[in-house]
Amino acid sequence: MATQTEQANRSWYKRNEIALTPWLFLIPGILMFLFYVILPVFQSFYISTLDWDGLGQGTSVGFENYRELWHDPAFYTSLRNNLIWLALYLLAIPAGLFIALFLNQTVTGIRLYKSLFFFPFVISQVVVGLVFTWFYDPTFGLLNTFIGWFGFGPINVLGDPRYVTYGIIAAGLWPQTAYCMILYLTGLNAVDPEQVEAARLDGAKGWRMLWYVIIPQLKPATFIAFVVTVIGALRSFDLISIMTNGGPFGESRVLSFYMFEVALSEYGFRMGYGAAIAVVLFLIMLCFITYFLYSMYKEEKGH
Amino acid sequence: MRSITKASIAALAAVTATTSFAFADGLSGDLKIFLDTSNPAPRETFETMIAEFQGMNPDLKIETTIIDREAYKTQIRNFLTANAPDVATWYAGNRMLPYVQPGLFEDVSDLWEGELGENLASTKAAMTIDGKQWGVPYSYYQWGVYYRADIYNELGLTEPKTFEEMKSNCQAVLDSGRKCYTIGTKFLWTAAGWFDYLNMRTNGYEFHMDLTAGRVAWTDDRVKQTFANWRELIDMGAFIDNHTAYSWQEAIPFMAKGEAAAYLMGNFAVDAIKDAGVTDDQLDFYQFPMIVEGVPMAEEAPTDTLHIPSNAKNKANAKAFLQYVASADVQTEINAKLGQLPVNNKSSVNADDKFVSQGFEMLNGAYALAQFFDRDAPAEMAKVGMEGFQEFMVRPDNLDAILTRLDAAAKRIYK
């Protein structure tokens with residue numbers, strides 16, 4: 001009897017083995033994804049309808065948090081900075097491409113140069129932030145010493161609401177360019193030498209060669225570089241936290257930092273309001289995610 | 001279990017009353033302590049004190065965790081709910097409120113009954129919410145203006161007693177090519193020190209407390225007067241340039257290098273200023289001068305405290321520890337090392353330290369003691385307010401917009 005069921009079980013599994021095995025491998029990942037990604041998304045939606053300090057009992061306030069967000073000037077400052085981040089952070093893609101083109105040659109010691117260019121991506125964002133904070137220091141910093149030689153007065157980059165966001169983005173571009181560079185370097189390895197040869201015979205040179213022959217072949221690398229840069233721009237939290245702590249008077253905040261500030265920082269006890277900001281940020285990200293998924297889907301279908 | 005706990009506390013209290021070495025009655029079990037005393041001097045002080053407590057109670061298993069002071073402020077709410085220690089450091093005043101309201105701090109009013117309560121009476125109000133006491137203070141310190149005595153001597157200046165003198169001193173300092181005051185407002189709270197003092201000297205302690213408690217509008221003319229006084233200093237160019245880029249520690253080199261003459265700060269800054277190369281002879285201290293005659297002089301004296309989380313497992317041991325820390329001898333000893341003031345009025349103050357002894361004298365003569373803006377006002381109001389102060393220091397012309405914003409925030413927060 002026992003052996004019979006065993007056999008039956010085994011044979012059922014045997015019969016469906018091909019279909020089942022991938023799912024078995026996927027189960028741990030799926031469970032983690034459901035528990036740590038999908039569930040918190042819905043939890044955030046729920047919390048955003050509460051007035052809750054994260055410790056005691058929350059009370060439901062409906063869409064009050066969103067209504068307040070609508071009238072909150074700090075929210076618009078953060079949103080504006082997020083957009084500036086998105087636009088300027090994309091500069092990392094062309095910059096990375098040109099450095100990659102520059103480094104894609106066979107010279108003695110090129111590996112060393114490549115690793116030196118890649119170095120800023122390897123070090124922690126916190127270190128990048130600290131280095132740039134010292135660099136920008138209005139009294140002792142290298143930047144102001146340097147422009148001082150040309151007779152320009154000190155610029156308080158991180159303490160002036162006009163420059164602060166750009167100053168932080170410049171710091172962020174340093175590692176992000178390195179990241180794009182490495183993506184393009186691997187992409188350049190896959191460029192078909194025969195096509196380059198053929199183009200050369202047809203008389204293509206310089207910019208035309210780059211634009212019509214090389215860049216189309218780098219499309220996969222460009223896509224990945226675009227994805228990681230957009231995500232990087234929306235996640236820009238650590239640099240802001242290290243370099244300015246959101247200041248001066250909140251002018252360098254982005255949505256993710258503002259969320260942290262109202263919900264989790266030293267003086268933040270408004271989980272509901274924080275969750276509402278998180279939801280807005282999620283909706284913005286969702287636009288990009290949908291676009292990425294859609295273009296990946298199209299790509300797959302094309303093959 | 002409860003009665004045993006109570007009995008043992010009663011016994012402890014009884015013994016404490018007769019001898020100050022009553023803690024040696026051999027506690028057993030565990031005691032888990034979380035501290036935010038991560039700076040070198042406080043860290044060592046607490047480690048030594050806990051080692052002594054351990055020596056009195058050899059059977060007690062003490063586990064101490066020292067957390068970075070800034071990180072502690074955000075971690076506390078996690079460990080109070082999830083993984084509570086038996087004793088935790090925190091601050092007095094409204095700063096306790098977010099943890100008292102949801103019932104995360106244990107009511108320790110019984111410790112305040114009797115002699116200990118009388119000895120700690122000066123801080124009782126700051127430890128009381130809803131008529132109960134929620135912790136025990138171990139230290140407090142004065143705020144005031146720390147200045148370079150050598151620069152003042154060189155320019156023939158004396159410690160100012162009035163705002164007029166303060167301004168004329170400042171003009172003399174400016175004329176000598178220096179700045180009057182260093183400050184680093186990157187983390188906002190340093191600007192609140194200026195606001196607190198200017199407001200308390202302009203409108204008095206009661207008004208200041210009403211404002212931080214939300215009973216007065218921020219758009220009130222009296223608040224505007226405070227800012228007008230502040231603006232006089234700003235327009236003179238009294239503060240260092242680019243202060244928004246610096247933390248309070250990063251602002252010290254300006255004073256050390258003689259580019260700025262003074263610093264409005266808490267007494268904890270003395271160590272850091274001396275470490276930066278300012279000698280004891282070069283550094284001196286004065287009380288924030290009078291602005292409006294007849295307004296009684298209240299001072300800032302933030303109190304550092306110890307609490308028992310409600311989720312603690314060894315409350316009896318924790319109470320014994322709190323009692324130990326609050327006792328006169330221990331307070332004398334730890335505050336001598338911390339360079340701060342003991343709360344227990346039977347303790348003695350380290351007379352060799354001129355800053356501590358001057359501060360003690362000043363606070364004893366004070367009309368009233370404020371905790372600090374971010375401890376007197378609720379957390380959210382503190383954040384919005386301090387951001388406004390920083391903006392005001394950079395763009396004084398925005399004052400009306402700032403005050404309107406603060407008022408709107410206050411209406412939401414104090415509803």
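Predicted model: local features only at pLDDT ≥ 70, side-chain atom pairs only at ≥ 80, totals over all residues.
- Chain B is assigned domain 1 (2-140 + 302-346) and domain 2 (143-300 + 367-413), with bounds from an automatic or database domain assignment.
- The centres of the two domains of chain B, taken over C-alpha atoms, are 32 Å apart.
- Contact (heavy atoms within 4.5 Å) joins 13 residues of domain 1 to 14 residues of domain 2 in chain B.
- About 980 Å² is buried between these domains, and carbon and sulfur atoms give 48% of that; buried area is the accessible area (1.4 Å probe) that two parts lose on being put together, summed over both.
- On the domain 1 side, Asn94(B), Arg95(B) and Pro302(B) lose the most area to domain 2, together 51% of what that side buries.
- The rule finds 2 salt bridges across this interface, a salt bridge being a side-chain nitrogen of Lys or Arg within 4 Å of a carboxyl oxygen of Asp or Glu.
- Arg95(B) also forms a salt bridge with Asp374(B), at 3.6 Å from N to O.

**Where chain B meets chain A**

- The contact takes 30 residues from each of chain B and chain A.
- The area buried between the two chains is about 2700 Å², with 58% from carbon and sulfur atoms.
- Arg77(B), Lys186(B) and Lys383(B) supply 21% of the area that chain B buries against chain A, more than any other three residues.
- Across this interface the rule finds 6 salt bridges and 17 residue pairs in polar contact, both at pLDDT 80 or more.
- The elements of chain B that give two or more residues to the side touching chain A are α3 (69-81), α4 (97-100) and α19 (379-394); helices are DSSP runs (H or I, at least four residues), numbered from the N terminus.
- Helix α19(B) gives the most to that side, with 9 residues.
- Arg270(A) forms a salt bridge with Glu380(B), their closest N and O atoms being 3.8 Å apart.

- Asn65(A) is in helix α2 (residues 64-70) of chain A.
- Asn65(A) has a relative accessible area of 5%, so it counts as buried (under 20%, with a 1.4 Å probe and protein chains only).
- A polar atom of the Asn65(A) side chain lies 2.9 Å from the backbone oxygen of Ser48(A), and the side chain also reaches the backbone oxygen of Leu50(A) at 2.9 Å.
- Leaving aside neighbours within four places in sequence, the residues in contact with Asn65(A) include Thr49(A), Arg270(A) and Tyr273(A).

Notes: Residues numbered from 1 in each chain as written. Chains lettered and ligands numbered in written order. Heavy atoms only, no water. Buried < 20%, exposed > 50% of the residue type's maximum accessible area, 1.4 Å probe, protein only. Polar contact = N/O pair within 3.5 Å; in protein donor to acceptor, adjacent residues only side chain to side chain.
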